Amino acid sequence: MKKLLILLIALTMSIALIAGCSTPPAPSAETASPSAASTAAADASATPEASPQADADATNQPKYDNNAVVAVVDGKEIKKSKALASLNEILAQSGLNMMDPNDASYKTYMEQAKVLVLENLIKTEIALQKVKELGMDTLSAEEQKGADDEFANLQNSFGQGLVDNLKQQYANDEENLAKVEQIAEDQRKQFLANYGVQSIDEMKPLFEDNARMSKLIKSIQDKVQITDADLEAWYKTYQENQKASFEATPSGYETAVSSGEIISYIPKGMYVKHVLISLSDEDQAAIKALRQEGKDTEADAMRKEKLKSIEAKANEVLAKAKAGEDFNTLIDTYGEDPGMKKDAPTYETGYLVTSDAAFVKEFLDESLKLAKEGDITGLVGTDFGYHIIKAFKTLEEGDVAYADNKEASDTQAKTAKNQEAVVNQMNAWYDEYDKAGKIQKFPERLE
């Protein structure tokens, strides 16, 4: 759950970084809600000018009305419908919407999420006000054209483009294919409702605000100065954090590699391949059923008996492996593990074995005993059959030099520093408005 909260915080902080810099997605079969950042910008463009009556009206509105005001920033109102659109998108990205609503943790994180969303929508509105204060509200001809082009793209996607996409999605679904026009219209209505507007034309100011916000963010980031020493120091901190992470969870290394992260530290580990001489599907199912019933003694006895039926074949393959026959050829000829097939992503690399790897115990224990590349186990019996495991590549534990990662690291460091500058400026402006009494919040209406 701690990871979930971290994700929620990261997602809501990103609103301040990208507010107005991303255009809203057109309604589609997959998405019918705007992005959190764009929702905030849309809200800002649709709210009335400051007036003495605005604060009083906001205070007296019922909390269950979707048009209720959930915050007022120097007279500018943020409506509940916009806040809920932002909240729903963030909950979907964090996975919180998949939790049981009756779970106590769900309620706790929901309340935290509401607070975070509201705070960041307020920061976005403040930033939009700063755009005007700093004289960045006038767009150049090029900037206006960019905003107009993006709005035109939305209009196109809102019309026939949406219908065409739905027809493609439902090509093999006759029932929904016959209702494509109605489905498209329903999604358009939902899309507009999420933004609190009556027509797509009312959203054009959003794209102009996007351009203005881009200028504001660029003006903040242009002031950031990063020295070579800063870049190297950033890498060192990154490396220390990654090392601590991999030492706590060695299997995280493979996740980091597959996700394209910068690898600054390599943990102890070994890549292995294996030939699986498999038990029949029926035998595996029977053993699994006993384990699920808590009858491990009976399951062990059944496995021992069933392994006898494949032992001769397994020993034959083991002898070939020990004799030096090409192990990949043995896998191709005898192996029955889908992960070792030629079309599997692990065919070339094998499996990374670390102390916390998620393999069955017998497989993991015997793999960890392999001391060096080329070592081969004996027959390793599991509920799946017999495994013959070979060590293929040893990870050379240790730090990766900054010079080896300099280009990627410097790029990431600069991005992080720029983001930090924007967040810090957003927070400073928020504090300025808060101290001046320019912020009113009504979080109880986010229900």
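## Close-ups of rings and helices

**View 1. Tyr351, Phe359 and Phe363 form a cluster through ring pairs.** Rings of Phe, Tyr and Trp (for Trp, its six-membered ring) pair here if their centres lie within 6.5 Å; planes under 30 degrees apart count as stacked, over 60 as edge-to-face, and the rest as tilted. This is a predicted model, where local features need pLDDT of at least 70 and side-chain atom pairs count only at pLDDT 80 or more, while totals for chains, interfaces and linings use all residues. Residues are numbered from 1 along each chain as its sequence is written, and side-chain values use heavy atoms, with hydrogens and water left out.

**View 2. Phe158 and Phe191 make one of the eight aromatic pairs in the structure.** Their ring centres are 5.8 Å apart and the planes stand at 55°, so this pair is tilted. Phe158 belongs to helix 6 (residues 141–158) and Phe191 to helix 9 (residues 180–195), so the pair ties together parts 33 residues apart in sequence. Helices here are DSSP runs of H or I with at least four residues, strands are runs of E with at least two, and both are numbered from the N terminus. Phe158 is buried at 11% relative accessible area, and Phe191 is buried at 0%. Buried means under 20% relative accessible area, exposed over 50%, and partly exposed in between (1.4 Å probe, protein chains only).

**View 3. Back to the cluster for Phe359 and Phe363.** The centres of these two rings, Phe359 and Phe363, are 5.2 Å apart with planes at 45°, so they're tilted too. Phe359 is partly exposed at 27%, whereas Phe363 is buried at 3%.

**View 4. Two charges sit over rings: Arg188 over Phe158 and Lys438 over Tyr433.** The charged end of Arg188 is 5.9 Å from the ring centre of Phe158, and Lys438 is 5.0 Å from that of Tyr433. To qualify, NZ of Lys or CZ of Arg has to be within 6 Å of the ring centre and within 35 degrees of the ring normal.

**View 5. Helix 5 (residues 104–133) crosses helix 10 (residues 204–221) at roughly 80°.** The axes, lines fitted to C-alpha atoms over the stretch in contact, with angles from 0 to 180 degrees between N-to-C directions, come within 10 Å. The two helices are therefore roughly perpendicular, the label for 65 to 115 degrees. Ala127, Leu128 and Val131 of helix 5 meet Asp209, Arg212, Met213 and Leu216 of helix 10, where contact means heavy atoms within 4.5 Å.

How values were computed: Angles under 35 degrees count as roughly parallel, over 145 as roughly antiparallel, 65 to 115 as roughly perpendicular and the rest as oblique.
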